[in-house]
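Visitor: I would like to go through this model term by term. Please set each value against the definition behind it.

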Amino acid sequence: MNIEVKNLSKVYGSGESKVIALDKVNLGIASGDCLSIMGPSGSGKSTLLHLLSGLDQPTTGSVTYDGKDIYHTNDRELSAFRRQKIGFIFQQFNLLPVLTAKENIIMPLLLDKKQPDQAYFKQITELLEIDGRLSHLPSELSGGQQQRVAIARALIAKPDIIFADEPTGNLDSKSGGEVMGLLHDIWHKLGKTLILITHDSRIAHMADRQFVIADGVLSEVTAK
Ligand code: ADP
Ligand code: MG
């Protein structure tokens, strides 16, 4: 899917406490692009990711997917769109502690009353090297393994677009590097669009298109 962002702004509060979290962002993303976004804490990274993925409401501006404005649809259509087209990876993994790795991965499908595609399940769990850990609880897995389970969960509904908000922020440098390497491989092998927020410039440089954000203003810095 092609994503078009026009004049996207988000303002919190008013008067003295007004914060312009996102300031007139314009951006086009083609199907299959890999983007990284770097910026200091509080610069608007998460706000941007949430607005791109339909998790928040913009103050002004639009986000269209293949020409369709996601903020001019009803709630049911928007949540179906999010479940089917978008995978989200968080810094905190957000796995359910009482479910096994396998149950966590297929959870999004159960919510949609769908059965997992067994061949695809096998493919992604092997790619992520967690196929030997599927009956473990999150507490029995390392941080890197937990994040790889969370990546499989983000992929299970075969979304077109993966958003990752500082996916290695809770990992040590070695397992963070491994997780990123796998995420990049998956992007390459499965042909998804990947939009990645990171504090780590080594990771940012893996992306074809690199952006920085400061005080809500987004700029592309990719060397041409
Ligand atoms: P980042 O992810 O880059 O650390 P955020 O997008 O979370 O930054 O936040 C951008 C700015 O918006 C910050 O100044 C933050 O304090 C402010 N902000 C974020 N969410 C809210 C909210 N719900 N209410 C008020 N201000 C917010
Ligand atoms: Mg953030």
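Guide: An open sheet of four strands runs in the order S2-S1-S4-S5, and its pairing is antiparallel. The model is predicted, so local features need pLDDT of at least 70 and side-chain atom pairs count only at pLDDT 80 or more, while totals for chains, interfaces and linings use all residues. Residues are numbered from 1 along each chain as its sequence is written, chains are lettered from A and ligands numbered from 1 in the order in which they are written, and side-chain values use heavy atoms, with hydrogens and water left out.

Visitor: What makes strand S4 and S5 a pair?

Guide: Two strands pair if DSSP finds at least two bridges between them. Strand S4 (residues 60-65) and S5 have two bridges in the antiparallel sense, so they count as a pair. In S5, lysine 68 is the bridge partner of tyrosine 65.

Visitor: Which strands does H1 touch when it packs on the sheet?

Guide: H1 touches strand S1 (3-12), S2 and S4, and its direction makes about 130 degrees with that of S1. Contact means heavy atoms within 4.5 Å. Axes are lines fitted to C-alpha atoms, for helices over the stretch in contact, and angles run from 0 to 180 degrees between N-to-C directions.

Visitor: What is the strand order of the open sheet of six strands?

Guide: The order is S6-S7-S8-S3-S9-S10, with mixed pairing. Strand S6 (86-89) and strand S10 (217-220) are at the edges with a single partner strand each, so one side of each has no neighbour in the sheet. From one strand to the next the twist averages 20 degrees.

Visitor: How do strand S3 and strand S9 run, parallel or antiparallel?

Guide: Strand S3 (residues 34-38) and strand S9 (residues 209-214) run parallel and are joined by four bridges. Isoleucine 37 has phenylalanine 211 of S9 as its bridge partner, and serine 36 has glutamine 210. S9 and S10, by contrast, run antiparallel, also with four bridges. These two strands form a hairpin with two residues between them, and aspartate 215 in the turn has a positive phi of about 45 degrees.

Visitor: Which helix lies across S3, S6, S7 and strand S8?

Guide: That is helix H6 (residues 173-190), running at about 155 degrees to S8 (193-197). The axes of H6 and helix H4 (residues 118-127) come within 10 Å and cross at roughly 140 degrees. Tyr120, Gln123, Ile124 and Leu127 of H4 make the contact with Leu182, Ile186, Lys189 and Leu190 of H6.

Visitor: Which residues are around ligand 1?

Guide: They are Tyr12, Val19, Ala21, Pro40, Ser41, Gly42, Ser43, Gly44, Lys45, Ser46 and Thr47. A residue is near a molecule if one of its heavy atoms lies within 4 Å of it. H1 gives the most to this shell, with three residues.

Visitor: What makes the approach of glycine 42 to ligand 1 a polar contact?

Guide: A polar contact with a ligand is a pair of N or O atoms within 3.5 Å. A polar backbone atom of glycine 42 is 2.7 Å from an oxygen atom of ligand 1, and one of serine 43 is 3.2 Å from an oxygen atom of the ligand. A polar side-chain atom of tyrosine 12 lies 3.5 Å from a nitrogen atom of ligand 1. The ligand taken alone exposes 570 Å², of which the protein buries 58%; accessible areas come from the Shrake-Rupley method with a 1.4 Å probe.

Methods. Polar contact = N/O pair within 3.5 Å; in protein donor to acceptor, adjacent residues only side chain to side chain.
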